Amino acid sequence: MTSGRLMVRRFTLDDLDALARMQDDPEVMRHVGGVKDRATTEAMLRERILAYYDEHPGLGIWATHERSSGEFVGMHLLNHIRGEAHVQVGYVLRSEFWGRGYATEMCARVLRYGFGELGLPRIAAITDLPNVASQRVLLKAGLRRDGERSFAAYANGEPLAWFERSAGEWLDEHGGATVK
């Protein structure tokens, strides 16, 4: 899947080093569960990323790269909130790529894919309450804030900002044109 400046692809085991470096950065991981060591990252890659592709065709966590340079930017996802039926959109980017509009650009493209190509009826998103920057990204991508929710698998069960949108609402607002 591509957007104007980015592309996403399935992760492979060859991506472990890049993923481990990103998940070892305290600034990057501050709002997404904290720093992960290499062993934890490898287990996540095998169990939560690679195995998920076969279990849920069309969904997943994907490696995000700049189209022009091929450089690893981070990851975007369209997957189930752990332990829930809700499908969420999300992203984690390396800090050197913050502030370029990459999160919004690919998040909007992933929403178009989920609604338009997969036919999902509703897509949600969650963020830590203090993560105002990610909340702005989700709003720009076309989701709507709808209060707070808690999930046992995230933030130690603390409330998270909850966003969602139905396919009909999002597609009506964004039309048939390519989202950039």
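Which residue caps the N-terminal end of H3? That would be Asp37, with a side-chain oxygen 3.2 Å from the backbone nitrogen of Ala39.

## Ground rules

This is a predicted model, where local features need pLDDT of at least 70 and side-chain atom pairs count only at pLDDT 80 or more, while totals for chains, interfaces and linings use all residues. Residues are numbered from 1 along each chain as its sequence is written, and side-chain values use heavy atoms, with hydrogens and water left out.

## Helix H3

H3 covers residues 38-55; helices (H or I, at least four residues) and strands (E, at least two) are DSSP runs, numbered from the N terminus. Its 18 residues should span 26 Å, taking 1.5 Å times one less than the number of residues. The end C-alpha atoms sit 24 Å apart, which agrees. There is a bend of about 30° at Leu45, that being the angle between axes fitted to the seven residues ending there and the seven starting there.

Thr41, Met44, Leu45, Ile49, Tyr52 and Tyr53 are the buried residues of H3 (buried: under 20% relative accessible area, exposed: over 50%, partly exposed in between, with a 1.4 Å probe and protein chains only). Their cover includes strands E1 (6-10), E2 (60-66) and E3 (72-80), plus helix H1 (16-23).

## The nonpolar cores

A nonpolar core here is a set of buried Ala, Val, Leu, Ile, Met, Phe, Trp, Tyr and Cys residues joined through side-chain atoms within 4.5 Å. The largest one has 49 residues, and Phe11, Leu78, Val89 and Leu111 touch the most other members. Helix H4 (residues 102-117) gives this core its largest share, nine residues. Apart from it lies another core of seven residues, including Ala124, Ile126, Leu160 and Trp162.

Back to Phe11: leaving aside neighbours within four places in sequence, its contacts (heavy atoms within 4.5 Å) include Leu45, Ile49 and Tyr53.

## An aromatic cluster

Ring pairs link Phe151, Tyr154 and Trp162 into a cluster. Rings of Phe, Tyr and Trp (its six-membered ring) pair if their centres lie within 6.5 Å; planes under 30 degrees apart count as stacked, over 60 as edge-to-face and the rest as tilted. Phe151 and Tyr154 have centres 6.5 Å apart and planes at 85°, so they go down as edge-to-face.

Phe151 and Trp162 make a tilted pair, 5.8 Å centre to centre with 35° between the planes. Phe151 lies in the loop between strands E6 (144-149) and E7 (160-166) and Trp162 in E7, so this pair ties together parts 11 residues apart in sequence.

Definitions and conventions:
Polar contact = N/O pair within 3.5 Å; in protein donor to acceptor, adjacent residues only side chain to side chain.
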